[in-house]
Amino acid sequence: MSTATARPTWDTVEKGTELPARTFFFQRADLVRYAGASGDFNVIHWNERVARSVGLPNVVAHGMLTMGTVARVVTDWTGDPGSIVDYGVRFTRPVAVPDDEAGASVEVTASVTEKLDDGRVKVTIKAVHDGQTVLGKAIATVRLP
């Protein structure tokens, strides 16, 4: 027996509604898979020596990988990947991914910060790695049924 989770609707959501928090993990293998899928083979995403030589703390996750993964906190909440009509972030800090079994974690929280017209809401997202925000001004506009 499965229990269905009630999906948010525009009528039931209010400003301040908090989305379920999530923690996402990145390992070096994820970076390799993303590089292959995206075609972004920048050496800072796979070579620790080069990453450190340019001032990075370690090999870092692709910004678009982080951005896309973090958006799942919104799409998991709505239950519809097509619900996001607009999404933007500023990359504020890199997500360093160590070469170990644990990898790097990013803790994500989000809340509805504005109820718009036409069935849309604005969701502000906070993504933190090692105690520091990694995405600034992370805001998604979402259409709800």
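Leaving out neighbours within four places in sequence, Thr-141 is in contact with Ser-83, Ile-84, Val-85, Asp-86, Leu-116, Arg-120, Val-121 and Lys-122, where contact means heavy atoms within 4.5 Å. This residue is found in strand 5; strands (E, at least two residues) and helices (H or I, at least four) are DSSP runs numbered from the N terminus. Thr-141 counts as buried because its relative accessibility is 9%, with buried meaning under 20% relative accessible area, exposed over 50%, and partly exposed in between (1.4 Å probe, protein chains only).

The model is predicted, so local features need pLDDT of at least 70 and side-chain atom pairs count only at pLDDT 80 or more, while totals for chains, interfaces and linings use all residues. Residues are numbered from 1 along each chain as its sequence is written, and side-chain values use heavy atoms, with hydrogens and water left out.

Two strands pair if DSSP finds at least two bridges between them. Strand 3 pairs with strand 1 in the antiparallel sense over 5 bridges, and Ala-104 in strand 3 stands opposite Phe-26. Strand 3 is also joined to strand 4 by 8 bridges, and these two run antiparallel; here Thr-109 has Lys-126 in strand 4 as its bridge partner. A hairpin is formed by strand 3 and strand 4, with 4 residues between them, and Asp-118 in the turn has a positive phi of about 60°.

Charged side chains complete the picture. The count comes to 7 salt bridges, each being a side-chain nitrogen of Lys or Arg within 4 Å of a carboxyl oxygen of Asp or Glu. One of them joins Asp-118 and Arg-143 (3.2 Å, N to O). Asp-118 lies in the loop between strand 3 and strand 4 and Arg-143 in strand 5, so this pair ties together parts that are 25 residues apart in sequence. Asp-118 is exposed at 57% relative accessibility, whereas Arg-143 is partly exposed at 38%.

Another salt bridge links Lys-122 and Glu-114 (3.7 Å, N to O). Lys-122 is partly exposed at 25% relative accessibility, and Glu-114 is likewise partly exposed at 35%.

In helix 2 (residues 48-53), Glu-48 and Arg-52 are 4 residues apart, and therefore separated by about one helical turn. Their side chains meet in a salt bridge (3.2 Å, N to O). Glu-48 has a relative accessible area of 30% and is partly exposed; Arg-52, at 44%, is partly exposed as well. Together with Arg-28, Glu-48 and Arg-52 are linked in a network of salt bridges.
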